Amino acid sequence: MLSHDIVIVGGGLAGLRAAVGLCEKYDVAILSKVHPIRSHSIAAQGGINASLANHPEGKDDSWEKHTFDTIKGSDYLADQHAVEIMCRQAPIIVYEMEHWGCPFSRFEDGSIAQRPFGGAGYPRTCYSADITGHVLLNTLYERAVSKGVKVYSEWYAIALVIDNGQCHGIIAFDLINGKIFPIKSKVTVFATGGYGRVYQYSTNALINTGSGIGIAYKAGVPIKDMEFVQFHPTGLIGTNILITEACRGEGGYLINNKNERFMEKYAPKAMELAPRDIVSRSIQTEIEEGRGFDHPLGKYIKLDLRHLGAQKIMEKLPGIRKICIDFIGIDPIYELIPIMPCQHYSMGGIDTNEKTETEIKGFYAAGECACVSVHGANRLGGNSLLDTIVFGKLSAIAIDEYLSGNNVNPEERPLNAKLNDVETNIKKIANNTGERPFSILSDLSKNMSANVGIFRKKDELALALEKIMEIKERYKNVHVSSTSLHMNYELLNAIELGYMIEVAHTIAIGAYLREESRGAHFRRDFSIRNDENWLKHTIARLGADGTPEISFKEVVITRYQPMERKY
Ligand SMILES: Cc1cc2nc3c(=O)[nH]c(=O)nc-3n(C[C@H](O)[C@H](O)[C@H](O)COP(=O)(O)OP(=O)(O)OC[C@H]3O[C@@H](n4cnc5c(N)ncnc54)[C@H](O)[C@@H]3O)c2cc1C
C-alpha cells in the first residue's frame, strides 16, 4: 500500500506552504487533481494584505488596525483570536515570500509596493502588478520541488478514511494511469480550495468544485458557516472573469446608466472601496431598480478606468487590460468595462481551529476549503492569499507538534474497507442509465445562482432546497458514457458532482435557517443583523438520514465588541 507520513491534498498556496514547512523532517506528498501550478491560486490578481506601512498614506498602519478592519469587515462573525494571529503573521510571511524570491512590485525607494483595497483603513495590499497569485504560487512551487516534496499530479482524492475518530489516509484516483489506490498517512491535510462552481456565475476556475469540503463532510467532519458566500462586485459580463478590486484600489469608478458614481448613496466615505458585500448589493440594487445597462448576456454596470491614464493601466493592470481586449473586445484605456457581481469566494468550509486542527485526529485543513474563521461573514480583498500562506505555515507547525508528541499508527483495514466502497460506487455509476453529470450540474448551479444569491428570501430558499432534494434523486442514477478509468473526466465529474450537491445543500440550509442579514448573507425578509440570536457559527454535519444536521458554535470575541458597520 502507498504510504507517506503526511499527505496534503491540494497544490495551491495553502498546500504548498504546508508542504514546505514539513518536508525537511517528514516524508510529505502533495496530491493535486491538476498540476499544482494550475491551482486557482494562480489566478489571484490584486494582492496580499500585510501592515508593512510602506505606503506614504499608510505610515500609521499596524497589525492591530489590520485586525480591526478584518473583524469589522467580517460583520463580527470572525473568531477574533484567529484574526489577531493572521494579522500579526502577515508582515512575517510577506517578507518570507520576498526572501524566497517572490518578485513583488516596488516603490521608488525599493520597498514592497502597497495599494488601497476595499474595507481597509490604510493602503496595505502588497502586490505584483495584477498577477500576485501567479508570483506567489510559482515561488512556493519551486521551493517545494527543490526540497524534494513528492507531487502526485492529476491524482484525485475520492474519499477520506476516518475510523474511530482518527484519519488513516485517503483513497486516490490516478487519472493518468486509470487506477484507484488507498494512500496511508499519519496525517492528512486538505487544502482543496473553494466551491465556486456550485454556482452558475462564478469567477472561479472550473476545477473549483469544492469536492474537498464535500469529501470531508461525507466522512463525518463538521463544516462551518457555509451560508456565507462571497459575491465579487466586478466579474466581466459573459465570462465572469474576475476584474480585480485593484482596479478600484487604483482609483476606478462604478457608473450607472445615469452616469452617476452611485456608491455615493451606499457608502459615502469608502465609495467604490467599501467591502465586497456592500458593493455587490449596491450594484445589484442599481440593476434591479432600472439603472443598469442592457446586454444580450445580461444586465450590467460600468467600471471606468479611463481617468487613470494609459501609463498607469499598462503598468499596474496589464492583465486586466488584456482580459478586456481578448474576451470582450474593449480597451479600458478608452472604454468602460461591463461588469456584474458573481460568486467569488467561500467564507465557510471545513471547521478548524486556529491551528488548522479539525475534530478528527490526524486530519487538518487550510486555505479556502477551511473555515478557521478569520473572514466571518465577509472576507476583505487581499486577506485570502494571506489566509492560505499563514494557515499553511501554522498547519505545518501544528502537525509537527502532533507527530513529535504522539505515536501515530494509521491502519490498513479501514483503508481497504473504504476502497471497496469506492469501487462498488464506481461500478454502480457505470451501470446507471440516467442523465449525464453535466445536465444535473447545470440545474444545480442555476438553482444556486437564482435562489441562493446576493439577495435571499425564505420562499426562494425553500424552493432551492426542494430542487436540491430532486437533484439528489436524479444523481442516484447519474450515467457516464465510458466506464474506463483512464483519463475519464466524465466519470470524475460524476463523482465530484455527488460532493457538489452536498456542498450546495449545506449552503442552502444554512441560508434558510439564518434569519438575519450579516455580511454576504442578506435576507430581504430579515434585513438587519441580529446579534442577540445569530452571533454564532453554523455547523453542519452529515445526519443519519443523509441530510445536514445543524448546530451552532460560539464566536470568539476578544477585544472588539460588535458595532454597526458603516463605511
Ligand atoms: C480570479 C480570482 C482572483 C483572486 N484574487 C485574489 C487576490 O488578489 N487576493 C486574495 O487575497 N485572494 C484572491 N482570490 C482568492 C484566493 O486566490 C484563493 O482563495 C486562494 O488562492 C485559494 O488557495 P488554496 O490554496 O486554498 O486553494 P487553490 O489554489 O484553489 O488550490 C486547490 C488545490 O486543491 C486541489 N484539489 C481540489 N480538490 C481535490 C481533490 N479532490 N483531489 C485532489 N486535488 C484536489 C487542486 O488541484 C488545487 O491544487 C482570488 C480568487 C479568484 C478566483
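This is a predicted model: local features need pLDDT of at least 70, side-chain atom pairs count only at pLDDT 80 or more; totals for chains, interfaces and linings use all residues.
Colleague: How many aromatic pairs does the structure hold, and what is the geometry of the one formed by F455 and F522?

Modeller: The structure holds 10 aromatic pairs. In the pair formed by F455 and F522, the ring centres lie 5.4 Å apart and the planes make an angle of 90°. Because planes over 60 degrees apart count as edge-to-face, the geometry of F455 and F522 is edge-to-face.

Colleague: Which strands does this pair link, and how many residues apart are F455 and F522?

Modeller: The pair links distant parts of the chain, with F455 in strand 18 (residues 455–456) and F522 in strand 19 (residues 522–523). Both F455 and F522 are buried.

Colleague: Is M487 buried, partly exposed or exposed?

Modeller: M487 lies in the loop between helix 14 (458–475) and helix 15 (489–513), and together with I176 and Y489 makes a nonpolar surface patch of about 250 Å². Buried means under 20% relative accessible area and exposed over 50%. Because its relative accessibility is 33%, M487 counts as partly exposed.

Colleague: Which lysine lies over the face of W534, and at what distance from the ring centre?

Modeller: Charges over rings can be described here for two residues, and K302 lies over the face of F293, at 4.2 Å from the ring centre. For W534, the lysine over the face is K536, and its distance from the ring centre is 5.0 Å.

How values were computed. Residues are numbered from 1 along each chain as its sequence is written. Side-chain values use heavy atoms; hydrogens and water are left out. Patches are made of residues with over 30% relative accessible area and no salt bridge: like charges are joined within 9 Å, nonpolar side chains (Val, Leu, Ile, Met, Phe, Trp, Tyr) within 5 Å. Accessible areas come from the Shrake-Rupley method with a 1.4 Å probe; for residues, only the protein chains shown count as cover. A salt bridge is a side-chain nitrogen of Lys or Arg within 4 Å of a carboxyl oxygen of Asp or Glu. Helices (H or I, at least four residues) and strands (E, at least two) are DSSP runs, numbered from the N terminus. Buried means under 20% relative accessible area, exposed over 50%, partly exposed in between (1.4 Å probe, protein chains only). Rings of Phe, Tyr and Trp (its six-membered ring) pair if their centres lie within 6.5 Å; planes under 30 degrees apart count as stacked, over 60 as edge-to-face and the rest as tilted. A charge sits over a ring if NZ of Lys or CZ of Arg is within 6 Å of the ring centre and within 35 degrees of the ring normal.
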